[in-house]
Every structure is written in C-alpha cells, then in structure tokens.
Amino acid sequence: MGTTDPQPRARRTARRRVLPYLLIAPTVLALAAVLGYPLADLVLLSFQDMTRRELFSGATPPWAGLAHYRSILSDGFFWTVVGRTALFTAVCVTATVALSMLVALLMRRVAPWVRTAMTGVLVAVWAMPIMVAASIFRWLSDADYGVVNWLLGLLPGLDFSKHNWFENPWQGFAVITGVVVWGTVPFAAITLHAALLQIPVEWEEAALVDGARGFRLFRHVTFPAIKPTAVLVTSLCAIWDFGVFNQIWLMRGGQPEKDYYLLGVYSFTESFAVNRYSAGAAIAVVTVLMLLGGAVVYVRQLVHLGETE
Amino acid sequence: MNTPPGTGSSGVLRLRERPNSPHRGKRRPGLNALGLLFGALMAFPIYWMLLTAFRPAEEIHADPPRFWPDHLTLEHFRRALGTPTFWANVRASVLIGAGTVAVSLLIGTLAAFALARFAFAGRKALVMVILGVQMIPLAGLIIPVYLLLSDAGLTDSLPGVILTYLVFVLPFTVWLLRGFVAAVPVELEEAAMTDGCTRLGAFRRVVLPLLAPGLVATSLYALVQAWNEYVLAYVLLSSNDKQPLSIWLVSFQTGFGTDYGGLMAGATLTALPVAGFFALVQRRLAAGLATGAVKG
C-alpha cells in the first residue's frame, strides 16, 4: 500500500493486524494436522490396547488405563534400554563435539589450501545419506574382507582375521558410534568454524598481548565467544543421537537383536514387529518426555539468542 | 553473526582469504599435516566406497586389500541399474525430495516473514512450539501418523509421505529463514513501498533476492532430511515402485547378500544427487550457517 493510497487508515491497520495470521496459517495448520493431532493420538493410544484387529477393522481399542506404563516402567529390560540409550548419546555427543571443536580450531590455523581441502572433505561427508554411510561402515567392518580387521591385524599381537564386530554388542556399538560421529562431525565442525570466524580479531589479540596462551586463551576468550553456538550444536547432536534409529536398523539388517535396542528401535519393534502398538506408543511417549529435558536447554538458548539480537 | 545475508557469501570468501585467527602468519607445517591427516581419515570411507564400486569382484576380495585401483569396471553399476525398480525408485526419491523442498520453502517463508516482521498476539507461543516440536523423534510418531494417513486414504501415496516430511522439516525451515528475514533491514522494504511498491512487490523485489543464501541453506536441509528418511517411507509405502532410493538400497543389501561391489555401486548412486547439490551450493552453505542458524 503506497502512502498516497486513499484507503481509510482503520482498514489498513485491520489488514495489518490480520496479515501475520494469514502468513502463519499454512504452517500452523500443517503442524496441527500432521504433528499435533498424531501426538495427541499417540498419548491416547498409550492408554488403550490397540492390536492388529483394531488397526485393520478401525474399531475403537479397549481402554487400558496405565497398564502399559506400569508394565514398561516395572520392566528391567526397559530400564536397560534407557540406560543404554543415555550412554550411547553421551558417548556420541562427547566424541562429536570434542572432535569438531578441535577441528574447527585447527581449521583457523592451517594454510588456506589445507582449509579448503578440509572443508571439501567435510561437505562431502555431510552429503552422504545415512543409509549410504551405514552401508559403507558395514563393508569397512566386514568380518571376511573388511579393511578394519586387516588394519588391526597389522598391529603386533592382534589377530582380527574373520573377526565379527557385531557378535559382541559393545564392539557393535563401537562401529555404530563410528558411523554416527562420522556423519555428525561435518555439521558440528563447519558450524563451530563459522562461529569462530565471527569473533572480532581484537579480542584474541588483546588476550595474546596480555599473555594468555593455549588452553587459557581458549577457555577465557575463544570459548565464551562461541558458547551459544557450542550449546546449540551440543543440544542438537544430543537430540539426534538420542533418537538414532536408521543406523542400527540398517547395520543389523532390519532385525536388530535385543542387545542392540535403543529407545527408538524398541518402540518401533514393539509396534510393528510384535504388533503391540499401544506398548510401542507408551515407550514413544516416555522417550518424548525424556527428550524434553534436552529440549528445554535448546529452546532457552535459541530464545535467548533471539532476544539479544 | 552480524553479516547481513546479502553480503554473506562475499563476506565468507573475504574471511576465508584472511581468517581472523590471532595466530595469523604463524603457520606451522605440523598443523597443516594434522589437518590433512584428519581430512584423509574422514575421506577414506567415501574413497573406499568409490574404489569398491569401480573395481572388479576379485580385487574387492583381495587379501591383503589393495588401496589403489588396478582395473576399473562398471559391472557393479550395470547390475545396480539393472534392478527392476531402480528408475521408479529414483523417480519417487526425486518427487518426494522436490515436493518437500518446494512446499516447505513456500509456506515456511510466509511464516518466517510473519515472525520476523510483525508483532502479534501468540507470536511467542508459536516460537516455542516451532522450537519445541523439533525434539519429537519421527520414529516415535510412526504409529499415529500411519493411522492418520490411512484414515485420509494417503498411505502408499507420495503426497502422504511429502506431507509428513514437510511437517518434520518445517519448524527448522521457519526458524532458519526467520533469521535471514530479520537480517534484511526493514528500511529497504519501506523505501520500496514509499516508491510505490505494494507489500508483495517490496517482498518480491527487495527481500526475496536478499534471502537467497537462506533459501539455499534451507532447501539443502529439507532435501537431505527427505533423502535420508527411511522408516516412515518403509511403513507408509508398500508398492515397490513408489519407494524411494533409501529403501531400494536396503533391499539391495539383503537381495545381494555380501555382494559389496553391487552395494557400494548402489550407495554411490544413492549419494550422487545430494552430493551434487551440496557441491553446487557449498559456498552459500557456510554463509547460511553463519547468519541464519546462529543468529536468533
């Protein structure tokens, strides 16, 4: 609307008031229909008893109350899976963030052509679909012809020929951790490096003049400057790693053994392999509630960033 | 974080040439070597995939493994391309990816514009919802989403899958683009409107061109999400010819046993489109991350 527009002022402000709601309407509708409604349905489902019969006939499943929650929460196996998921997340996130931070710092100090090469590799790895990454790591750790076994066999005193990495879940998870970390380091390192580039040169130069070196310089000057980004990257990684599904599914050929269950896999197999849809839903609800912990940190950090803009 | 998106790309290039490290000028060969070693380690799995895909079967099973190609062959690719549903799967993947990207950019930009430019009741609540729903793991919602889509008659149909992916990429899309819109000075828009542009015209001629890096970063994100997803497509799409490449790759794995030559050729083909898109936009990517994702 130009300023010469003869339109009455009242109508213009009314339009201005409605406009933002029109703009957000498609997003809000889509989120409500395909995310809000299923989420409510998920909670409802966890209090019912949905079996294959109700799924296909469309009949309303019988009410089960808290029965599923009671049986899950009193089941030792569920807590084993929770503990395993937490440990897996902690290991993956620590490894990813620590490695990415070192790489981001290193990228500032190498020659430009080395930095270009590193960025190129990181972007290439980033572009690898999860399914592709999992296939590659399965091949690398293959029992008969895998390169990893051959390399480890070169070390004195170790015999890794025909070694099956997935026989022992600890070793299997080491390979899975490898895929996950390999896949997330590019995002984390490039984002952290981008944040490092935004630090005014003067800050670190002043600290250098004041005699700060090495780790002290990092702790008191560099890290505080990129802390918001670091928190963001860490919480995003935590959320992703907590929900890891594809990598395990693929590396175990679509039939993960119970030793390889994390919460996502557990909920899925309960629902679709055993057809206990409601028990699966209850596990999913508990998973979402646990993720809310990570969500709080993440959302607060983002809102904080938005306000200080 | 203060680089406006319009100058984002050139800003990054400038920074690349003259990084703001306090250690400028004191390059150490040891660090360069470390950087290259890291690059080589990260690149090795991709190299090994390509090498396995292009070498004859007897070399794949050589003991000890050989790290340089002696003979190259396309036989594995021929086998992968020869699977009956390959081209149908490519088509499904492309349609799902393009659909998700197009719709999420379209409605995401509208919402991002509203969030960045207007103060309205419920704005804060919307921001919390948008940030909060990103926590919800897709795998947890499969059951109710399946029930919903089967009520709507959208199971085993690509629009159903696109709709679902859309909802999962939309929150981050809106948030990312909001940062980019906020970085475009509102005065530019007002000046255009004073000069006789309508609001839509001002948006199209002034804001949209400056949003380019943000749109690139966002579409990359949406494409990768759609290309990577497996479980939901696996549950929702039952016809072989509607399934995307991620499912094709998995079926390939079971179908060919431990035929790693074929598997790696299939993996290469699956990765190719996304890798190409990344290569095309990688300059913009760093700029997008620096301004959009980090800026609130």
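I began with the surface of chain B, which exposes about 12,200 Å², with carbon and sulfur atoms supplying 65% of it. I note at the outset that the model is a predicted one.

I then looked up the burial of residues in chain B. Of its 296 residues, 58% are buried.

Next I turned to secondary structure. Chain B holds 14 helices and 0 strands. Along the sequence I read the pattern as α-α-α-α-α-α-α-α-α-α-α-α-α-α.

I also checked the contacts within chain B. Among those with a separation of 6 or more, 71% join residues 24 or more positions apart.

How many residues of chain B are in contact with chain A? I found 105 residues of chain B in contact with 99 residues of chain A. The two chains bury about 9,600 Å² between them, and 76% of this lies on carbon and sulfur atoms. Helix 2 (residues 29–54) of chain B gives the largest share of the side that touches chain A, with 15 residues.

I searched the interface of chain B and chain A for salt bridges and recorded 0. For polar contact between these chains, I recorded 8 residue pairs, both residues at pLDDT 80 or more.

Finally, I consulted the UniProt record for chain A. Its unreviewed entry carries the annotation "transmembrane region" for several spans, including residues 21–40 and 86–107. I examined these two in the model. Residues 21–40 of chain A are 100% helix, and their end C-alpha atoms lie 24 Å apart. Residues 86–107 of chain A are also 100% helix, with end C-alpha atoms 31 Å apart.

Methods. Residues numbered from 1 in each chain as written. Chains lettered and ligands numbered in written order. Predicted model: local features only at pLDDT ≥ 70, side-chain atom pairs only at ≥ 80, totals over all residues. Heavy atoms only, no water. UniProt positions renumbered as here; feature names shortened; annotations may be inferred. Helix = DSSP H or I, 4+ residues; strand = E, 2+ residues; numbered from the N terminus. Buried < 20%, exposed > 50% of the residue type's maximum accessible area, 1.4 Å probe, protein only. Contact = heavy atoms within 4.5 Å. Areas by Shrake-Rupley, 256 points an atom, 1.4 Å probe, with all protein chains shown as cover. Buried area = accessible area lost by both parts, 1.4 Å probe. Salt bridge = Lys/Arg side-chain N within 4 Å of Asp/Glu carboxyl O. Polar contact = N/O pair within 3.5 Å; in protein donor to acceptor, adjacent residues only side chain to side chain.
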